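Visitor: I'm new to this one, and I'd like a close look at a single part. Could you pick a pair of helices and walk me through how they sit together?

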Amino acid sequence: MKKRIAYIILIVLLIFFRTAPTASAQVTRILFLLDLSASMSERWSESTKIDVARKVLTHLADSLNTLKNVETGLRVFGDQSPSNMSDCNDTRLLVPFQKNNSKQIEQQLYGIEPRGVTPIALSLQRTAGDFPHDPTARNIIILITDGIESCGGDPCSISLSLLKENIILKPFIIGMSVNSEESKMNDCIGNYYDAPDADKFRTIIRNIVANILEPTTTVVNLLDQDGKPTETDAVMTFYDDFTDSYKYNYYHTITYRGVSDTLSIDPVSTYNLEIQTTPPVEKSNIHLVPDQNNVVNVKTPQGELYLQLQGGAVNNYINTKIKCLVNRIGEFTDINVQSFNTSKKYLTGKYDLTILTLPRTYIKNVDISQSKTTTIQIPSPGMLNIMKPYSSVGGIFVYTNNKLEKVYELNADQLRENIGLQPGNYVLINRPKFSKKTSDTVVKNFTIVSGQVNSIKL
Amino acid sequence: MYGLLFISYTLLAQTHTHTTRILFQLDGSGSMKELWDGQSKFNRARDLVSHLVDSIEKKNPNIEFGLRVFGHQYYYTLNNCKDSKLEVPFSKNNADAIKTALGKITPQGNTPIAYSLFESLSDFPVDSNASNAEILVTDGVETCQGNPCALSQLFAKRKVSFRPFIIGLGIADSLKHEYDCIGNFFDVKDEKVFNHVMNVVVSQALNNTTAQVNLLDAYGNPTVTNLEMTFYDHFSHSAKYNFIHTFNDKGNPDTLHLDPLTTYDLVIHSFPPIQKDTIQLSPGSHNVIAVDVPQGTLSLQIPNNKDAFTNIQCVVRESGSPRILNVQDFNTDQDYISGNYDLEILTLPKLELYNEEIAPGKPTVIKVDAAGILNLSTSQQGVASIYVDHDGKLEKIYDFGSIKTTATVNLQPGNYMLIWRPDKGKQSVLTEKINIKIVSNETVNQKLD
């Protein structure tokens, strides 16, 4: 058995060394978090759970110590107070992170005995302080436990907050046939590994560690116009080609190193990748090569469109109501509806804008170019305030190419109307609703000035 | 002989609130000396016009006459092609002046009809309220290479609406089309017909021409009203009258007074507008202009909308057309010409309804749920966007871009996926998916950490 373990680790190491130079600068810190609650002394697979764990961890620490840029540490919980004391603060860091500390880890592992309760959440919380502050490091916790939280803590929320602190949790549950409903860990952490026997446990943990050191990784580069991977902050949806459902959603991120972040994507599936830019960009049929770093390049050159109302607002409601329909040039359906005084990113190219002012404003052929902000300014509308002593019918018109075009139809039921209009000359045609004479039609020219009110009494 | 004329003049007694102007233009070319039943054509015309101005002026003192003559100043061998003169300009009570001027004229010259017509345009004072008419009497064809048809094109180009009455005295059939294209042409063969036609033409020019517009519903009944209508001059394309269609006391389409000398293009300002081109009124009579305006109502409703300021807009297009016809606010009703429309409702997510039928009779009601509000707050800057999950396919419906502290968006009730990633940490793995359920008129406060 021992030989086999050594063999596996050897393979792991060989793989690691093969690609070591590329990962040389990044430190990987692996904290073993070991459950020493009373139940760990139970017999399991011709031995005891704690003994299986001791052996596996000793070997792992030993092997990992020989690797450059890998540090290990050991925290345990439940070893200080017997379970009948229900000591929920029973957690301690036995071996802090260091290089070449496998001997210490071994000594500590054999100097402790399982006794107490299972304060998983608190232990996880404490691990945040175990890792040195180092934003470039990969921080991993390998939790080995045989039970679920017994101190009322919520390991889910803790593990999530650890993730935000750049600490990845890999929980192992050994010697328990946990059904997934009982173990909420499953839901919140995603990957947890249920080891039914010692053999499986050894294999899985070794594979996981191997994966940590040499995983299948994927880097998506969002390329700008020049083919440089400078675009970022767009959601990347990985659809499983087989199920046609999304499997991963990650915001594309450029790390502190200034490169696209590495993703952990299961290489088993074939993917269709959708970059959620506006409009979205799709790349289908992505096959990932296992145990390698896969690079996926997608062209998503973007620029910004800033829509601005010039001049003071006569009425905030009127101004916020102005929407802009954005179309790819020559296409009918608008890909976005953008509000004024906001800036939005679009793929580079030509767009047609339809601005829902009164009258509508059409701006054709707007160029969005790489990393630039195209600013479209239109004057802030003015306001026509119509006061009607009696119900009136009619409308507001503009002359376009000598033709009268109806811009707004009066609301016969309202005796007072406030209408936002773009600056310009208008014709108001109206007549008392209940008049019996056409000659009561009144045709009135008026002018609207940006940001000002024009009041008309009928 | 003039009995016929007097009957129709009784119509003239009614007072006109606007001025009526008639320009008589007589051919004074040499051929007008030709005898017609013992008297020269010119003298026939002279006597007729003299009598007419006299009797009309007595009945209607508001009328203004003018007299232009061509071909009378230079003998035809001189080939003067600019021989045209306004002998008596427009004014009230000038019948005597016209008679006197006519008495002094001897026909002798060329026939520069096109030139003279062109010159006559500036005889009319600028007065958009006036009814203007011109009656040209000639016995021959253009002898100065002018082209009355080309002239009409020139008028159209210059956006002048001008259709004179042209009375031809024994003109060869082959030449008649030269006058048809510029005005209302009447051919007279003899003296009797001349009198009669002159009578008709003058009464047409003088009488009130009236019109009514029948806006027909889907069943052909003139029940539609309260729509704005613009009468464009067909030639100049300028808007000549703007009215709002009205039913009079009797519930019939009200009578309109329109200048009969203009050809009109009528636009009814429905959604979409309905245009009826090349309307020619018969002068001196009541004209019925029927336009089909079958309408239906689109009623957009948000029942139970608690926040009036979250009102939403609906972009209305004719089915299949990319052109926006109207943008209608919710909680309003609007009439459209019945037919199929594409509706784009600017909620989040957008609601698109294609080929929605707006039929006459019952209103087409489109109901949309009131929106709910999503408030996001965070203690750290990050990026966020909202998706709808269509059986595993994600559709982005809103992109917040970068959020520093707070952000708000109105969403239709339903389930959404919010995808969020804090900037701090600079890792994709920090991406979080949060399921959001939006309920009408309620606010969801979501903290992002």
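Guide: Let's go with H2(B) and H3(B), which are roughly antiparallel to each other, because their axes cross at roughly 170° and any angle over 145 degrees counts that way. Keep in mind that this is a predicted model. To find the pair, look in chain B for helix H2 at residues 41-59 and helix H3 at residues 95-103. Their axes come within 9 Å of each other.

H2(B) brings B:Arg46, B:Val49, B:Ser50, B:Val53, B:Asp54 and B:Glu57. Facing them from H3(B) are B:Ala95, B:Ile98, B:Lys99 and B:Leu102. Sort the residues of this contact by class and you get five nonpolar, four charged and one polar.

Chain B has 449 residues, and 39% of them are buried. Among its contacts with a separation of 6 or more, 69% join residues 24 or more positions apart.

Chain B also has a neighbor: 42 of its residues are in contact with 48 residues of chain A. On the chain A side, E11(A) gives the most, with four residues. By class, that side of chain A has 18 polar, 17 nonpolar and 13 charged residues.

Note on methods
Residues are numbered from 1 along each chain as its sequence is written. Chains are lettered from A and ligands numbered from 1 in the order in which they are written. This is a predicted model: local features need pLDDT of at least 70, side-chain atom pairs count only at pLDDT 80 or more; totals for chains, interfaces and linings use all residues. A residue is buried if 20 or more other C-beta atoms lie within 10 Å of its own, exposed if 12 or fewer, and partly exposed in between; C-beta atoms are placed from the backbone. Two residues are in contact if their C-beta atoms, placed from the backbone, lie within 7 Å. Helices (H or I, at least four residues) and strands (E, at least two) are DSSP runs, numbered from the N terminus. Ala, Val, Leu, Ile, Met, Phe, Trp, Tyr, Cys and Pro count as nonpolar, Asp, Glu, Lys and Arg as charged, and the others, Gly among them, as polar. Axes are lines fitted to C-alpha atoms, for helices over the stretch in contact, and angles run from 0 to 180 degrees between N-to-C directions. Angles under 35 degrees count as roughly parallel, over 145 as roughly antiparallel, 65 to 115 as roughly perpendicular and the rest as oblique.
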